[in-house]
Amino acid sequence: MKKYQRLAEQLRSQIESKIWLPGQKLPSLREQAKRSGLSMMTVVHAYQMLESQGYIRAHERSGYVVAPPVTNAEMLYQRPEAVSVNDFVFEVLQASRDIHTLSLGFAYPDPALSPRQQLNKSIAAASKRIELMTALDNLPPGNQALRQLIAQRYAARGLEVHPDGIVITAGALEALSLSLQAVTHPGDSVIIEAPAFYGALQTLERLGLKAVTVPTDPMHGLDLEALAQALNDHDIKACWLMSNFQNPVGYSLTRTAKQRVAALLRQYQVVLVEDDVYGELYEGTTAPETVKHFDTEDSIMLCSSFSKCLVAGFRIGWVVAGKRALAVQKLQLMSTLATSAPMQLSLVDYLATKNYEQHLDDLRKTLAVRKQEMYQFLCAELGDIATVHHHAGGYFLWLVFAEYIDTTQIYKAALERNITLAPGKLFALNERFNHGLRVNASFALTHANKQLLRAFFAELKHHLPEFCRP
């Protein structure tokens, strides 16, 4: 156990032994640090862990108190509820378009990391080969050569998929949306993570589906007990989750957890729509497995794209739909008809070279360095008022402030200083994560950027009471 885990376990035991009773105030962070001989941040981590598990609650300006005990009748997840998030998502995404801002709320990696020159050459080469029949050749399920190249890349990761089971889409979000449409009807209940990628929330809203949210802790990942309970209690038609480098918290499920998820969904005959858009952005030399690796019944639909690891503008994604490939193709023909033929041909040209592997290797190393630099910078600047969660892989950092802090107000204040951030409200159906903040760490932390952020953080801490919830 780490130090904060030992302290949390000690306090949990004391609460369960009635040493601390419901409603009683725990020692302040400073007092607990003095008693235990631990650092302030270690105590903060321990208290936040207990808070996420429901043992204690933060009260505005009065510290932490013991929460009422959770009974067996209480749920570990949120009941099915309608989704309505699109207006706020639209507002935040529009703000991120301004080229004069430091886009730490941006969903994509720094565009400067794309291999523009090589991609432009591939676009030029593909344009010379486009014929009148090209559009027909690239109708659903998409370009045969591209699907074969994708299948080969999966084979290198230890996952055998047939090219005929892959459908090329206009980005990963279309792949995810079509996958859900293929297995649900309006009014059905779908399990998602909490916090969740806002694209999942938007898709559920558009399709008229109800969300059953299962908590994902930034230190421990998806709550498997809550997942099992939700599957048992409701008629769930599908599950949508990220097993690798989850957006926004960054956590990746362990191999054992992925096996458990696959087994649970198999037991309840629920289809998993697995979002693996960050799967190529791992640190080290070994690509992570997906839950799909443990699929024995072809019941998992695996979605990804080139948007996060190559270039966002191409809007090329795919779904490993397997036995549902034909259903997905029919749905695509009724919506976007087909994915851009020139972009598909350009990718075939680019992927046929050795350039992509070199690009990925360089990209992973750059993201790892920048993420570590941003993590250290944020810990130094905000470590006294927030916990910064860092996991290897991907490019997001998840910040957790005291529960009474409203990061939507922080987002608005930052926007006035030409900084975009992604507030916790983006990733939930309610206010449960309004004290969370996602930071894109893919951008270079230049001297100018450090100065801009330091000035804003200093002002934030000086006026912190103004960012408390009413």
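Predicted model: local features only at pLDDT ≥ 70, side-chain atom pairs only at ≥ 80, totals over all residues.
Me: How many helices and strands does the chain have?
Reply: The chain has 16 helices and 17 strands. Helices are DSSP runs of H or I with at least four residues, strands are runs of E with at least two, and both are numbered from the N terminus.

Me: What makes the radius of gyration agree with a compact globule?
Reply: The radius is taken over C-alpha atoms, and the globule rule is 2.2 Å times the number of residues to the power 0.38. For 470 residues the rule gives a value near 23 Å; the chain has 23 Å, so the two agree. The C-alpha trace spans about 75 × 55 × 40 Å along its principal axes.

Me: Why are α5 and α13 called oblique?
Reply: Helix α5 covers residues 116-129 and helix α13 covers residues 341-351. Their angle is about 120°, and their axes are 8 Å apart. Axes are lines fitted to C-alpha atoms, for helices over the stretch in contact; angles run from 0 to 180 degrees between N-to-C directions. Under 35 degrees is roughly parallel, over 145 roughly antiparallel, 65 to 115 roughly perpendicular, and the rest oblique. The pair is therefore oblique.

Me: Which residues make the contact of α5 with α13?
Reply: Contact means heavy atoms within 4.5 Å. From α5 come Gln-118, Leu-119, Ser-122, Ile-123, Ala-125, Ala-126 and Arg-129. From α13 come Pro-342, Leu-345, Ser-346, Asp-349 and Tyr-350. Seven are nonpolar, three polar and two charged. Here Ala, Val, Leu, Ile, Met, Phe, Trp, Tyr, Cys and Pro count as nonpolar, Asp, Glu, Lys and Arg as charged, and the others, Gly among them, as polar.

Me: What makes α10 roughly parallel to α11?
Reply: Helix α10 (residues 224-233) and helix α11 (residues 255-267) pack at about 5°, with axes 11 Å apart. That angle makes the pair roughly parallel. Leu-224, Leu-227, Ala-228 and Leu-231 of α10 meet Ala-257, Arg-260, Val-261, Leu-264 and Leu-265 of α11. This contact has eight nonpolar, no polar and one charged residues.

Me: Is Phe-245 buried or exposed?
Reply: Buried means under 20% relative accessible area, exposed over 50%, and partly exposed in between, using a 1.4 Å probe and protein chains only. Phe-245 has 6%, so Phe-245 is buried. Phe-245 sits in the loop between β9 and α11. Its phi is positive, about 55°, although Phe-245 is not a glycine. In the chain, 56% of the 470 residues count as buried.

Me: Why does Arg-315 count as partly exposed?
Reply: Its relative accessible area is 31%, so Arg-315 is partly exposed. Arg-315 lies in the loop between β11 (300-305) and β12 (317-320). Its phi is also positive, near 55°.

Me: Where are cis peptide bonds found?
Reply: One runs from Ala-194 to Pro-195, with omega near 5°. Pro-195 is in the loop between β6 (189-194) and α9 (198-207). Another joins Asn-247 and Pro-248, with omega about 25°. Pro-248 is in the loop between β9 (236-241) and α11.

Notes: Residues numbered from 1 in each chain as written. Heavy atoms only, no water.
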